[in-house]
Amino acid sequence: MAAMTTVPSYAPSLWVRVCHALPRLDLTMQMRDNAFVPDSWEYQQTLLVLSSLSAIALVVSLLVVLSFLIHYCCCHRGDRGEGSEEEEEDEDGSTGHGYSGKKGRGICCVTWVAVASVTLCCVAIGIGFYGNSEANDGMYQLTSSLLTANYTLASIDLLISDTIAGLQLSISGPLTTMEELFTGSKPFLVSTRNCRRLSDNVINLLSSISLAQFSVDAGLGNDSSVSGASIIPLTPVPPSVAPTVVPTSSLMPNPFSPGWAANTLMVNEDYRWLSYVMLLLLDLIVCLFILLGLAKQARWLLILMTVLAWMALFLSWGSLGLETASVVALSDFCTDPNAFVLNSTNFNTRTSSDVLDYYLTCSRRMNSPFQQVLTQSQRALSNIHSHLSSLDRNALPQFPKAEKSLREVQQMLNSTEGNFHQLVALLNCRGLNKDYIDSLKGLCYDGMEGLLYLSLYSFLSALAFTAILCSLPGAWRSFPRTPNVSSNGNPGYESLPLTDRQSPPPSYSPSMLTGYGGSQSHPNPAHSRNLYSR
């Protein structure tokens, strides 16, 4: 017994449900519904309120950094007035580097806080790279699914246009010639006219299939030849070779085109991915050079990195606001995507919500909305085949000149039946529904996970840069001052500790040298014995 193929399904993840359950407030601090309505001003207000939380956090960070700067600038100025006694105590208790006294322990603590903050920033950067990669993978899966769906729709358009064009060609050419030849035989003439009527029937039925209007603004009208010509530019090719044809008439095609959406998303995703990579590299450079400045005790390097740290702090809180709004909006969409797609689709006169619902859900209990059209078309093609077989048996012996036209109609009918069978397979909901489910999984699973990791990165990096800006002034005070330089260019010894000073060479006055020479010319044996006895 053959195994039954299961229809892929989609269910919101845990993080989607958690983010969707967050309370929503508008600018008047009133609770609002969390339904995804991006065009509504009330819904946009809720996203603005959520984004403003990062602005509040930025103000708090600035106040914290300002309070630390005031503490170091004002409070430690009084300590400098008392400096001599405390420095003596610190020097007495130190062991070479001045980190054992009260002041030394404080400087060491501040330095380690700066190092720990930089380490936290590096961890946040690693999380950011992972989140950026996950978000990019989700968008890649989304765009690939949209391109595959666009390829399917383009194939349907092409099959319909080829079938219509072939039937019109048979009506205007061979069938007209056969009618002229069978003018003297009424039964054969009736069969030929029935073939013409049934062909017109199939053309009208295929023109009523509304999926041919989803991917391009073709607008199938009464003139079937015009409609067929308008669909020809969307000849399907493998998505990896040529993704889609981008409409140039307007920024947003009407009706909606999956290929246009895929191209737009790919361009925007490239800019988003590159922006985050540059932001992550900026944070990494700032963190590494801050560590280098602390290790080398380079004041100019720390000044430059402090300026960049301020910029990174603003960018971190700003990106967190955008990510928060994106996460909440995406969770609202992923909770019930079918409802949003059905409500936001602009249906034309030949498209109904039943058709779209059939492809979005692909339930076994639902019948294809094209079932009746396809059945009638198949029946009409079968009747055409029966009439042509009858004419082949009975009319050709009497009208041999009609053989060429009859063979052309039969060949066109075989080609039409082949296209029709492919059309029936493509109109089944399984293929397009699989593309739809894959796009939702890429957006709502990988894309949502990537945004959450990017939000965590922005939050941790903002905290790390806040701690860095608070601890750098204290670490700055631990750097040794530049030694004094005398007028002749040699370093002075006033600022160096006694243990680091070198003893000067001995100097002798002329009288000492004379006395020393006289004592050597008249040696005193007793004095020599005393010197050696010591």
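Visitor: Which residues does Ala-380 touch, not counting those up to four places away in sequence?
Guide: The model is a predicted one. In it, Ala-380 belongs to helix H11, which covers residues 371–394. Leaving out residues up to four places away in sequence, the contacts of Ala-380 are Leu-198 and Val-202.

Visitor: What separates the C-alpha atoms of Ala-380 and Leu-198?
Guide: Leu-198 is one of the residues that Ala-380 touches. Along the chain the two lie 182 residues apart. Their C-alpha atoms are separated by 5.7 Å.

Visitor: Is Ala-380 buried or exposed?
Guide: The relative accessibility of Ala-380 is 5%. Buried means under 20%. Ala-380 therefore counts as buried.

Visitor: Which element gives the most residues to the largest nonpolar core?
Guide: That core has 43 residues, and Phe-182, Ile-209, Tyr-359, Leu-423 and Leu-427 touch the most other members. Elements giving two or more residues to this core include helix H5 (186–207), H11 and helix H13 (429–476). Helix H4 (102–181) is also among them. With 10 residues, the element that gives the most is H4.

Technical notes
Residues are numbered from 1 along each chain as its sequence is written. This is a predicted model: local features need pLDDT of at least 70, side-chain atom pairs count only at pLDDT 80 or more; totals for chains, interfaces and linings use all residues. Side-chain values use heavy atoms; hydrogens and water are left out. Helices (H or I, at least four residues) and strands (E, at least two) are DSSP runs, numbered from the N terminus. Buried means under 20% relative accessible area, exposed over 50%, partly exposed in between (1.4 Å probe, protein chains only). Contact means heavy atoms within 4.5 Å. A nonpolar core is a set of buried Ala, Val, Leu, Ile, Met, Phe, Trp, Tyr and Cys residues joined through side-chain atoms within 4.5 Å.
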